[in-house]
Amino acid sequence: MTDSIYSNLKQLGGATVMPQSPEEAILERVQNPQADVQYNVRFTAPEFTSLCPMTGQPDFAHLMIDYVPGQWLVESKSLKLFLGSFRNHGAFHEDCTISIARRLVEFLEPQWLRIGGYWYPRGGIPIDVHYQTGPMPEGVWIPDQGVPPYRGRG
């Protein structure tokens, strides 16, 4: 890969180590070759894991991230490593979900971003955390996230 929009990627195509914290995780981006078109990109992370900051017990979530890119696309392996870095990170559900959204918005400068954090129950109560940067853009097909209210979350 010489002199292309992909030439600055450091994590793709080689061995990588899981970052120990979200702060250590390195997100990578590439120039959007279709920046003249509005379209939605969806990432689904059905096995997201973090730690309860009080008990150290694992918390599990199904994350759905939708974004309408501007000039940048997130490189998916770097996103996977970033999300994986939460496995050793202690934070409440709300903090994890919003921290992910804010980091992506700051890094990518998308036209629009939405995240749904559908957290599995602990103590019998599931917690759903939703965030978006503003109204959905007109003329872009953005499907419903399709995660049903908690009934076993299957």
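What percentage of the 154 residues in the chain is buried? Buried residues (under 20% relative accessible area, 1.4 Å probe, protein chains only) make up 42% of them.

This is a predicted model, where local features need pLDDT of at least 70, side-chain atom pairs count only at pLDDT 80 or more, and totals for chains, interfaces and linings use all residues. Residues are numbered from 1 along each chain as its sequence is written, and side-chain values use heavy atoms, leaving out hydrogens and water.

View 1. Helices (H or I, at least four residues) and strands (E, at least two) are DSSP runs, numbered from the N terminus. The C-alpha atoms fill a box of roughly 50 × 40 × 25 Å along the principal axes.

**View 2. Cys 52, in the loop between strand E2 (41-51) and strand E3 (58-68).** UniProt, in an unreviewed entry, places the feature "active site" at Cys 52 and Asp 59; such annotations may be inferred rather than shown by experiment. Cys 52 is buried, at a relative accessible area of 13%. Leaving aside residues up to four places away in sequence, Cys 52 touches Gln 57, Asp 59 and Arg 122; contact means heavy atoms within 4.5 Å.

**View 3. Asp 59, the other position in that UniProt feature.** You'll find Asp 59 in strand E3, and its relative accessibility of 5% counts as buried. Beyond residues up to four places away in sequence, the contacts of Asp 59 include Cys 52, Phe 48, His 93, Trp 119 and Arg 122.

Key: Buried < 20%, exposed > 50% of the residue type's maximum accessible area, 1.4 Å probe, protein only.
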